[in-house]
Amino acid sequence: MLSSAVRLLSCAVVRQTRALHQSAAVLGGGGQLFVHRDSAENNPDTPFEFTEENMTRVKQIINNYPVGHEAAAVIPVLDLAQRQHGWVPLSVMNKVAEILKMPRMRVYEVATFYTMFNRKPVGKYHVQICTTTPCMLGGVGSDLILEAIKKKLGINVGETTKDNMFTLVEVECLGACVNAPMVQINDNYYEDLKPEDIEEILDDLMAGRTPKAGPRNGRFASEPLSGLTSLTTPPTGPGFGVRDDL
């Protein structure tokens, strides 16, 4: 009898399928595998030097930290390098390690851990769509937004348009759950989206315009859609509630 129950349970487990969608492969920033493989565009000899202006900025960043602790600047310096170069090949990591006087492996560890660092080229507009639970369930749901993006750009997740204008990636939570569904494009968040909103945003970018960041449903930030439930009156002035003799 026990063996029959076990067989039934095993069959039930085998029959179960994921009802939503399959998770993306475990990749590093920009969809790059964590393991490095030299290529024509990404190898130790790929040319990279900070511009004079950015080198000045690097020195300013390093000066924020005590002498002997220059390695603490690795994230902002890598970020600056990415903003200059567009992504972070191996030669960029090596240059950062040289400037900060730290082992190259320590820089590799940072660059492969944080998905903000793109380890393969991305388009001019890096479209990162959150598809975790709050965005999947919030508003119209991230599935509809993702399909609208794919249809508009003619690419799938992990791909770049032929003109190198747009790269689409699927990411984990971006911390704007109350404004779900949302996408991040470069440094800007676009929230409370409907399919027509993301289409308008992409149209603006294609036309060289800068779409307004933030919620698209009329609210200012992340306040309740039904209106404020607290702090509904003007703040009291200094001294409110204090004894008259003080």
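This is a predicted model: local features need pLDDT of at least 70, side-chain atom pairs count only at pLDDT 80 or more; totals for chains, interfaces and linings use all residues.

Residues are numbered from 1 along each chain as its sequence is written, and side-chain values use heavy atoms, with hydrogens and water left out.

**Helix packing**

- Helix α3 (residues 74-85) packs with helix α4 (residues 90-100) at an angle of about 140°, and their axes lie 10 Å apart; helices are DSSP runs of H or I with at least four residues, and strands are runs of E with at least two.
- The two helices α3 and α4 are therefore oblique to each other, a label for angles that are not under 35 degrees (roughly parallel), over 145 (roughly antiparallel) or 65 to 115 (roughly perpendicular).
- The contact (heavy atoms within 4.5 Å) involves Val74, Val77, Leu78, Ala81 and His85 of α3, together with Val92, Val96 and Leu100 of α4.

**Strand pairing**

- Strands β3 (residues 183-185) and β4 (residues 188-191) pair in the antiparallel sense over 3 bridges, where pairing requires that DSSP finds at least two bridges between two strands.
- Gln184 has Tyr189 in β4 as its bridge partner, and the hairpin formed by β3 and β4 has 2 residues between the strands, with Asn186 in the turn showing a positive phi of about 55°.
- β4 also pairs with strand β5 (residues 214-215), in the parallel sense and over 2 bridges, and the bridge partner of Glu191 in β5 is Pro215.

Notes
Axes are lines fitted to C-alpha atoms, for helices over the stretch in contact, and angles run from 0 to 180 degrees between N-to-C directions.
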